[in-house]
Amino acid sequence: MGKINFTADEASILKAYKLSSQNPTKWEEIDHDLEDPLSDLLTSQSNDGDGDPLGLGGVIDLTNLDAESKMSVLISSKSFDPKAFLSAVHPNATYQDLAAGINRLQSSIDARSEAVRVLVEDNFDRFVAVKASTDALYDEMREGLLSDKAEFASRPLAQPRRPIKSSSLSSKTAPKPKSCAPTLGVFERSKFFFSLPGFLVESIEAGRYEAAMRQYNKGKFLLDSRPGQLLPVEAGANAGSTAQQKRILDKVWANVEKVMGEMKALLLARLQEPGRSVEEMERGIEILLELNVPEDPIWTYFDSQHKHIMDRMSAAYRTGVSNTDGAFLLHPLKSRTAPDLSSPNALRQTLGAQLQVCIVALESKSPEAVIAQAGGHEVWQAIWDMVKNVSEVMVSSLPNFWKIARSFLEGKFKRSSSSRRSASQCRQMALDIIKLYISFLSEFFTLSDILSNSSTPYSPEHLPSHSNSLTTAHWLAKILSEVQDCVTEIGALELGEGGLVKGLVESVRWRFEDVLVRSWLRDANYMYALETFTPDLSTPSTTFYLAYLESFMRHLATSAFKIAGGVSADSGSGVLRVAQQGIVPPAFTTKITKAFLDAIYAVLDGLVVLVAEEAPPGVGSIVAAGASEREGKQELIDLRDSNTRLLLVISNFSHLSGSLIPGMLSQLENALGVSVEDDRKILMKAVTALDKTLFDGYVKPKAAAVAVILREGILDKDMDWYDTPQPTEIRPYMYKALMGLVEIHAQISRVAENLLERGMYALVENVAQDALISFKQVKRFGMGGMLRATLEIEFMHQTLARYVSPPAAKTLSELYNKISQAYARRPGDENLQGNLDSVKRTLAESRRATGIEFMCFRAAKERSGKGKKEKDEGRERGKDRGKDREGRGDNNTAS
């Protein structure tokens, strides 16, 4: 006899004794069948072998858990608690284990969902059939048993019951099971045919047109070849039964054709809708061709899509033009787009302010952000949006159109019956779209053929006239990039458009180059407005204007080369480095070179404006470059003085002609691969001439003022050069003349020290020449007159010895000869040497007495006491000249 198993699970015990727990605290009787508190626990007994859902190998041990804990741990329970499950089953699991378990659980859920989906998909016709049967049964019950007249089946129950006769259950009226079998067979075989309309509707609504087409063909095949299987007629049935069969089938098939007609209309309508994928369009065309619709679906697609693309491009263009015009008409108080340009200087001031901000921004990390937002950017933004929108319409639509068109040209989508329309017409439609795009750009930007090599005498009316050249270059490059991207995508379609799109890009480049050059030259004429005469400490005796000019010219030359088809990279050193991509046509290089040279000429002309008598607006005083602090104050330069501005301009000219312009021309030659040697010579000649004109404009008046002083002293009517006694001092006029030179020296040193030697050399040459002219008017000199003239000229010569150039030395030598030749010796002039020694002492005393006043004329070594050798050499030269004059005086006496 085997052992008796007394083990029982907790749920069975609780159900048997009608308890809620094994440790009750009061009397209770719970009917678990009604209240169902342990249903989850009872049903879980059959699922104990499901295992761990996380797949970690854990064992679900329920033996030591109470009923409530079991229900929170079992995954099939409605009271399942994930936290309780993990604490009971996987208390020691790591994070990596739980992460892996989550992935396994998700895969298991997806697999079950897929199984359910497949189950529903495979038995979808059964669901539809059950739904149709249920709806039919419900309608029948509503009309009969559950109708309002029967009071929803309650009236028969309210009537008195009648005794049931036994005859009612007799075998005479009992239904024969055999008579139902044929009916069930008919419905089973006809289920597909009669549910076909509903299935087609469901397929069409779900977008499964191929499935609808397959079921339609299947139903048509069954109707044409095997109608008896759809609705069988007993053998030997009369004609009425056959006719009734035909009417039923025709009625069902009429519903099928109605649904298919709606599908045809839907597919034809979708062929005319934009934005659908190529695959969807091709699928619709193939289905319509298979259905043999009266309209040719391929031409329906071509005509509608062609019209739609053209209309969308036209609408985008008209909207863009309208927005551009609207940006022009914005109120000046609300926007900078339309500034007040009524005054003559308004445009110059507006562009000058813009250029100041943009050129300064070129040295920052993100200059494009500033340049793109300068004056007129609202109009440029509207233009760019217009080009972008028109391009996007074509790029987003034409590739799909051409893909289907190319398939059609290759023999796809052909109808069995021939069409009157040529297949090549679809290619022409695609070319029409491209031509419309070209016509819009040509109309807006007034494009011209590059081969004409001519510039349009006016700018497009839609472009902002008050936008500076840097902003213009930025937006032109951006618009060109948009056009080029569009053309690249269209060219990749291989439409066989010939040179249409390539010619478009070249025409746009040529037109944009022309617009940029016009703006470049206009701003070059206004560049002088950026001159604030602020010293540039990195380049002594120059102003920041030269740095602005270099950045301006470099940036626009680079932008012009970009537009012409080059790729540039600006280095921080300020050198233009351009890596050429492709070959830039010579017409572009010629235009850029000419614009560069014309811009330099315009800049040079603008510099002349700065030295006008009236100071430019906003000009005041600046701190002298490199000026040392004196008594806690820095030396100021008054820019309202035209001579001060003239010196600064001349100093800038020296730097322009010496390094800046030659350097920029060399960079231009290297970048464009051209030689501008002839133009360089002409330009440098013009720069030199203009520099000389400006320099003479400063030196000549100063020298003339000193010459007046000399002339008045030399040709003084009270001065008798023949009878004047031996000199004991130098007359005041010479000190006055030299003090005038001291003032000029101080001004040049303070404003432009690099011009000091050049200016003083020129002044001394002019002063010496004027002194010679004045002394030539003296007919004769006596001993005293000759000594006085020699003393005064020698004093001036030694004082200005540092700045005596070879031409000035030659003039002074000629002056000494003139004095010697005009000396008329008289009796009593024998002690010439003694008189000369006396003059030398007077000269030395005068030099010592004026050493401080004229210290600026001494070289640095002399001022520091280290020029003894130079002084001795000067004295020796003085002795030689004295002996020479003594000899010439003896010769004159003898004659």
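1. Gln-272 sits in the loop between α13 (239-271) and α14 (278-291). This is a predicted model. Gln-272 counts as partly exposed, because its relative accessibility is 45%. Its C-alpha lies 9.7 Å from that of Lys-307, a residue 35 positions away in sequence.

2. Lys-307 forms a salt bridge with Asp-311; the closest N and O atoms are 2.9 Å apart. About one helical turn separates Lys-307 and Asp-311, because they are four residues apart in helix α15 (residues 297-328). Lys-307 is exposed, at 53% relative accessibility. Asp-311 is partly exposed, at 38%.

3. The structure holds 17 salt bridges. Arg-511, Asp-514, Arg-518 and Lys-591 are linked in a network of them.

4. Helices α24 (residues 642-672) and α25 (residues 677-714) have axes that come within 10 Å and cross at roughly 170°. The two helices are therefore roughly antiparallel. Their contact comprises 15 nonpolar, five polar and five charged residues.

5. Which residue pairs with Asp-691 in a salt bridge? The partner is Arg-758, with 2.7 Å between the closest N and O atoms. This pair links distant parts of the chain: Asp-691 is in helix α25 and Arg-758 in helix α27 (residues 756-776), 67 residues apart. Asp-691 is buried, at 10% relative accessibility. Arg-758 is partly exposed, at 31%.

6. Arg-680 forms a salt bridge with Glu-677, at 3.7 Å between the closest N and O atoms. Arg-680 is buried at 15% relative accessibility, whereas Glu-677 is partly exposed at 36%.

7. Val-116, Val-120 and Phe-127 form a nonpolar surface patch, with about 260 Å² of accessible area together. Val-120 lies in helix α6 (residues 95-122).

Technical notes: Residues numbered from 1 in each chain as written. Predicted model: local features only at pLDDT ≥ 70, side-chain atom pairs only at ≥ 80, totals over all residues. Heavy atoms only, no water. Patch = residues over 30% accessible without salt bridge, like charges linked within 9 Å, V, L, I, M, F, W, Y side chains within 5 Å. Areas by Shrake-Rupley, 256 points an atom, 1.4 Å probe, with all protein chains shown as cover. Salt bridge = Lys/Arg side-chain N within 4 Å of Asp/Glu carboxyl O. Axes fitted to C-alpha atoms, helices over the stretch in contact; angles between N-to-C directions. Parallel < 35°, antiparallel > 145°, perpendicular 65-115°, else oblique. Nonpolar A, V, L, I, M, F, W, Y, C, P; charged D, E, K, R; others polar. Buried < 20%, exposed > 50% of the residue type's maximum accessible area, 1.4 Å probe, protein only.
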